[in-house]
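Visitor: I have a model open and would like to learn how to read it. Could you take me through a few features?

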Amino acid sequence: MATRGFVPNADNEGSIGTTLKKWASGFFTAITATTANVGVVIVTDGAGHYLKLPELTETQRDALTPDVGMFIYNATQNRSELYENGAWVPVTQTDDAPVYGFLWNTKSSNPTLINCDQNGDTLLLNGTNFDHHPLWGNIKRCSLTAAGVATYGSDNKGTGLTTTSDYMMVEIPQVHVMAWTDGDYRGFALCNEAFTGKPGAGTEISSSVHPWFNQRGGSLATPCTKGYVGAYKASDNGGTSLSSKSGVAPLANIDMATFEARGNAIGSNWGITNVWYQSLLQLLMYTEFGTLNIQSALAPGFTKSTNTAPQTCGTNDSLMGTNGTGGGTDVQGVNYRGINNPYGDMWEFRIGWNSVDAEYRVLNRDGSGTIAATLASGSYEATSGVTPLTGVNGYASGVLNVDPLKLMFVPSAISGSETTYLCDYFYGHTSGQTGCLVAGGHWHNAGYAGPGSLYAHDAVSNVGSSIGARVEFLGVTS
């Protein structure tokens, strides 16, 4: 145990080092060696008794050769920190999961984000931190029945499961989210349980359950405790239903309404991914990778300009690590925590979104809306005072920060590139129509693709050989 400080002696006599110190009403031995083997450190209860951590600035901390279990007080951030899983992390109450998020400088063209906690304080995180987090670390593959009963493999990538079963899914624990603005910065924070924070000016705000968990079988009062999304692109199942399994071609050339109807045919609380899944996917990935340039941080996905057709589902499952993440070149697929080809390969419909000339419309965040290709009055929330980007395309360089879109990344400007700002491409609304949304890009979109690539150009009746879907099940509320 690498330490410097005072160790209490049970017999009030010095047995470690050479100097006996009196601290409050007890005797302590000053440890003069850099390293000492001490079995138990006890501070007796009582006034004036305490254990003081070494107080270091971040510069001093970063000059250490860190070891797992090191415990310091960070004088720069005014907090206690523990070194674990290759990073210094703030110490939280033992019954609370740590909150991970990011700060984004919206005025900078640099896509790099700053990982932070719910107070906007900087965190130094790596992949191991996320693998051990009760949110990211519990995103895992499973085989689901139509009734929503899950069977799991021996690890997060689903080792041991039969991937050709009809409903290979990825389970996502309930997510709580908080968003704020601090000058030019926008902040987001996520956890698997409720939390509060004091970011920016210091006014305390509370998290809320992410809207995806309020949809279908969930509600604002009783949100889903977990959600399920297809591990693979949706494929045909008998001409009237959908499946999510390996070894088959993804389904295309049908419109959004038909995809949704075939998803509904699986059973109660099934359908295709709604627009709030799009929000959640981006938040999870941006937080974990600390950048808006996911193609660079993870993998380009199946996006090479000379690719001519989508992959067979599950072609590159072998690229996954045990956590379900991994990718290769632009002629190979990519996996994010068990989700195969979350971008590239084929566009995916995101139901619950419409654009019209005067406004954007999104499925009610509280889950009270009826999911449909064209949202009916009462089922959507609309922007106010915002005119959709119309008749223009380009790389996103800014996003709207207005309700009900504050948890989404809907472009407000398109002067970026594939390596600056948001790094993904946007196709704007077409005047005079009710538009739908597809996301992710397809097999030869190259740098246009990515988790934030959005295509809002076509009407809800749109069909195409490069447009598919992904199933979702939102029906577990206990």
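Visitor: Is Pro 90 buried or exposed?

Guide: This is a predicted model. Pro 90 has a relative accessible area of 18%. The cut-off for buried is under 20%, so Pro 90 counts as buried.

Visitor: Which residues is Pro 90 in contact with, leaving aside its neighbours within four places in sequence?

Guide: Arg 79, Ser 80, Glu 81, Asp 117 and Leu 123. Pro 90 itself lies in strand β7, residues 87–90.

Visitor: How do I read a sheet?

Guide: Strands of a sheet pair through backbone hydrogen bonds, either parallel or antiparallel. Here, an open sheet of 4 strands runs in the order β4-β5-β6-β7, and its pairing is mixed. The edge strands are β4 and β7, each pairing on one side only. Strands β4 and β5 run parallel, joined by 2 bridges. Within that pair, Leu 56 has Asn 74 in β5 as its bridge partner.

Visitor: And salt bridges?

Guide: Side chains of opposite charge can pair when their charged atoms come close. This structure holds 15 salt bridges. One of them joins the side chains of Arg 141 and Asp 317, at 3.2 Å from N to O.

Visitor: Where do Arg 141 and Asp 317 sit in the chain?

Guide: Arg 141 is in strand β10, and Asp 317 is in the loop between α5 and β22. They are 176 residues apart. Both Arg 141 and Asp 317 are buried.

Visitor: What about Glu 381 and Arg 365?

Guide: Their side chains meet in a salt bridge at 2.6 Å, N to O. Glu 381 lies in strand β28 and Arg 365 in the loop between β27 and β28, so the pair ties together parts 16 residues apart in sequence. Glu 381 is partly exposed, at 22%. Arg 365 is partly exposed too, at 27%.

How values were computed: Residues numbered from 1 in each chain as written. Predicted model: local features only at pLDDT ≥ 70, side-chain atom pairs only at ≥ 80, totals over all residues. Heavy atoms only, no water. Buried < 20%, exposed > 50% of the residue type's maximum accessible area, 1.4 Å probe, protein only. Contact = heavy atoms within 4.5 Å. Pairing = 2+ DSSP bridges. Salt bridge = Lys/Arg side-chain N within 4 Å of Asp/Glu carboxyl O.
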